[in-house]
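Here is a short report on one model. Look over the sequence and the fold, then read on.

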Amino acid sequence: MKEKDSLFEDKERLARSKLIILYVMKKVNCPLTNSQIQRLLYDFDGFNYYYFQHILSDLVEQKYIINYEQEQERLYEITDDGVYIFELTENMLPGITKYKLDSIIKELLKDV
């Protein structure tokens with residue numbers, strides 16, 4: 001029974017993490033590099049380098065985010081499908097999480 005609970009928690013965490021990345025991409029509303037997205041999520045809610053790369057790859061594979069090269073940089077951008085999925089599931093993100101992400105995004109955009 002504990003194994004089943006753990007698997008459910010892992011899937012829930014994965015879904016929430018994907019939603020967090022989609023939230024950031026939608027909120028920023030411009031192409032970002034891998035390192036810019038990472039900087040936004042650095043130390044946020046258990047995101048480490050490998051976990052982040054895995055989730056980002058999944059989102060690209062699912063076509064919720066596209067990536068392309070421009071001026072020798074790989075850029076990531078949310079797709080219409082990504083926006084649609086985000087809007088369907090946005091209520092899964094607690095308000096405090098959105099508030100924290102908004103604060104992080106606002107600070108980072110000041111530097112840019």
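The largest nonpolar core has 28 residues, and Ile-21, Met-25, Ile-37, Leu-40, Leu-41, Phe-47 and Ile-65 touch the most other members. Such a core is a set of buried Ala, Val, Leu, Ile, Met, Phe, Trp, Tyr and Cys residues joined through side-chain atoms within 4.5 Å. Buried means under 20% relative accessible area, exposed over 50%, and partly exposed in between (1.4 Å probe, protein chains only). H1, H2, H3, E3 and H5 each supply at least two core residues. H1 gives the most, with eight.

This is a predicted model: local features need pLDDT of at least 70, side-chain atom pairs count only at pLDDT 80 or more, and totals for chains, interfaces and linings use all residues. Residues are numbered from 1 along each chain as its sequence is written, and side-chain values use heavy atoms, without hydrogens and water.

Helices (H or I, at least four residues) and strands (E, at least two) are DSSP runs, numbered from the N terminus.

| Helix | Residues |
|---|---|
| H1 | 2-28 |
| H2 | 34-41 |
| H3 | 49-61 |
| H5 | 95-111 |

Beyond its neighbours within four places in sequence, Phe-47 is in contact (heavy atoms within 4.5 Å) with Ser-17, Ile-20, Ile-21, Leu-41, Phe-52 and Ile-55.

Three strands form an open antiparallel sheet in the order E1-E3-E2. Strands E1 (32-33) and E2 (65-70) are at the edges with a single partner strand each, so one side of each has no neighbour in the sheet. Pairing requires at least two DSSP bridges between two strands. E1 and E3 (residues 73-78) pair over two bridges. Thr-33 has Leu-75 of E3 as its bridge partner.

Cys-30 sits in the loop between H1 and E1. Cys-30 is partly exposed, at 34% relative accessible area.

Methods:
Axes fitted to C-alpha atoms, helices over the stretch in contact; angles between N-to-C directions.
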